[in-house]
Amino acid sequence: MPDHLGRHAVVIGGSIAGMTAARVLADYFGQVTVLERDLVELQPVVHKSVPQGNHLHALMLGGQQVLSALYPDFTDRLVKLGAVRFRFGIEAAFFFPAGKAYTPSGSVRSPRDLGVDGFSQSRGLLEHCVRQCSMEVANIKFEFGAAAESMIYENGQVGGVRFNRGGVADSIAADLVVDAGGRGSRAPRWLREMGFAEPEETVIGCDFAYTSAKFRKPPSYDGVERVMLFGGPPPKYTSGAGIGEIENDSWMVSVAGRFGDYPPSDEEGFMAFAKALPTHKFYNLIKDAERISPITHHRFPTSVLRHYERLPAFPERFVVLGDAISSFNPVYGQGMSSAAKQAAALQGLLAERAAGAHGDGLKRLAAAFFPRAAEVVASPWILAAGADFAYPQTTGERPPSMDEGGRYFAALDTLVVEDVNVHRLVTEVFQLARPLADLMSDPLRTRVLARMAERAEK
Ligand SMILES: Cc1cc2nc3c(=O)[nH]c(=O)nc-3n(C[C@H](O)[C@H](O)[C@H](O)COP(=O)(O)OP(=O)(O)OC[C@H]3O[C@@H](n4cnc5c(N)ncnc54)[C@H](O)[C@@H]3O)c2cc1C
């Protein structure tokens, strides 16, 4: 058994962050137990605590890469379950009042093959696939219907979890506890109970709302696009929509709006909102399509970043990851990839600890992990905040140098139009498959700065 770092690890939360963390821990602990409070059905459906699964849920390239590295043949399995493969630059497009485009800014107007495939599926199917893969790992065990309630804590060290299953209190001992309990994670409360400070939070008021439903893909649909986003440039347009082709010849359809321009959740209101969008394309696509699921609504008032990396002290044998650290405005589709990448960062750290393990390889693990998680989260947070603050109604802490960054990106976008390699690179960065720093490095940086100078002279 792979018990280089300990005999038993416990993960709280059996969603994307929890399952990827469990997979990573399984290489270094004899046994991994996942405590998931929901009674999860072992099929592609959404469970109670993940209501966001009823909305459009894009898996970015960054997340896809991590899942493919963690689970053998991951994308093949996804496709076998019904996921739809699509080609970036051709089969994913934006529709604006000015017409069809292949960049979020609308700058690239003709399709071009970026040489990269994405996969579109419902959140339920994706999670089911990750769960199936995780359950096949011999030393991972899922305990469903088990809600973690408090930490077992003694002498500065977490030693396990007290949980409740069907009204019955129980406990489980662990050499390491990982909290992947999502945005509503109780880690801040548990820290307080153990006598530690809670993390500071950065909060951005993005005030966003989704209304979604599944539709049967109309048999008459003959477009090449599998993933379509509809909207108009900020700050003028506060509403938009998305269609993702998913399993079973269906479309996951979401309409969305900000700052009071919220989509209604009744059929008539949904259609009226669709009709009033900046482009008629969306309404024309769905107006005669058959709706095959109830309509659901989700409000997302704030993005939240918890700064665990700034805490001066933290209990031993305990870490936190996933949405419990960073919960992003969902419109940018970053959360699952950020969670998976944080699990990959934990994997890197555990590998180092196992290789150099003298005595306690878990000592001050959190202090080493949180700065790495913060680094993972920084790119998506800056990208999302940059887009959110294009609306003056957005509240909260603006990332530094936003105006300069805006000019840089505007100049970069002109290079995207001219150079397919720059288009691919920018797509990979926005898809979290490469760090944001790659857009600021030479030789690209010199080209962008030259373009900025040319534009300033005009
Ligand atoms: C409307 C909406 C749309 C989104 N769209 C996208 C998208 O397109 N692409 C994308 O990548 N991301 C999207 N996200 C974000 C994405 O859903 C999350 O980032 C992702 O689920 C990873 O989160 P997680 O695993 O950390 O937490 P969650 O998915 O929230 O899961 C937390 C899990 O922990 C369990 N849990 C919580 N507390 C306890 C406890 N005490 N004991 C036991 N179990 C517990 C819960 O039951 C749950 O299963 C969207 C979010 C929203 C709200």
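# Briefing: a ligand between two domains

The ligand lies between domain 1 (6–69 + 126–202 + 308–387) and domain 2 (82–123 + 203–301), because both give residues to the shell around it. The model is predicted.

**Ligand shell**

- The ligand is surrounded by 33 residues.
- Ser 15, Glu 36, Ala 58, Asp 323 and Met 336 are the closest of these.
- Sorted by class, the shell holds 14 nonpolar residues, 14 polar residues and five charged residues.

- Asp 323 uses its side chain: one of its N or O atoms is 2.6 Å from an oxygen atom of the ligand.
- Met 336 uses its backbone: a polar atom there is 2.7 Å from a ligand oxygen.
- Arg 123 uses its side chain, with an N or O atom 2.8 Å from an oxygen atom of the ligand.
- Asp 323 and Met 336 are also listed among the closest residues of the shell.

**Domains**

- The chain has three domains: domain 1 (6–69 + 126–202 + 308–387), domain 2 (82–123 + 203–301) and domain 3 (400–457).
- Domains 1 and 2 are each built from separate stretches of the chain, while domain 3 is given as one range.
- The centres of domain 1 and domain 3, taken over C-alpha atoms, are 33 Å apart.
- Domain 1 brings 15 residues to the contact with domain 3, and domain 3 brings 10 residues.

**Ser 326**

- Ser 326 sits in strand S18 (residues 326–327).
- Its relative accessible area is 1%, so Ser 326 counts as buried.
- Beyond neighbours within four places in sequence, Ser 326 contacts Val 304, Leu 305, Ser 338, Gln 342 and Val 377.

**Cis peptide bonds**

- Most peptide bonds are trans.
- The bond from Pro 234 to Pro 235 is cis, with omega near 0°.
- Pro 235 is in the loop between strand S13 (227–230) and strand S14 (239–246).
- The bond joining Asp 442 and Pro 443 is cis as well, with omega about 10°.
- Pro 443 is in the loop between helix H11 (420–430) and helix H12 (444–457).

- Most residues other than glycine have a negative phi.
- Asn 248 has a positive phi, near 60°.
- Asn 248 lies in the loop between S14 and strand S15 (250–258).
- With a relative accessible area of 67%, Asn 248 is exposed, because the cut-off is over 50%.
- Leu 432 also has a positive phi, near 60°.
- Leu 432 lies in the loop between H11 and H12.
- With a relative accessible area of 4%, Leu 432 is buried, because the cut-off is under 20%.

Notes. Residues numbered from 1 in each chain as written. Predicted model: local features only at pLDDT ≥ 70, side-chain atom pairs only at ≥ 80, totals over all residues. Heavy atoms only, no water. Near = heavy atom within 4 Å. Polar contact = N/O pair within 3.5 Å; in protein donor to acceptor, adjacent residues only side chain to side chain. Nonpolar A, V, L, I, M, F, W, Y, C, P; charged D, E, K, R; others polar. Domains from an automatic or database assignment. Helix = DSSP H or I, 4+ residues; strand = E, 2+ residues; numbered from the N terminus. Buried < 20%, exposed > 50% of the residue type's maximum accessible area, 1.4 Å probe, protein only. Contact = heavy atoms within 4.5 Å.
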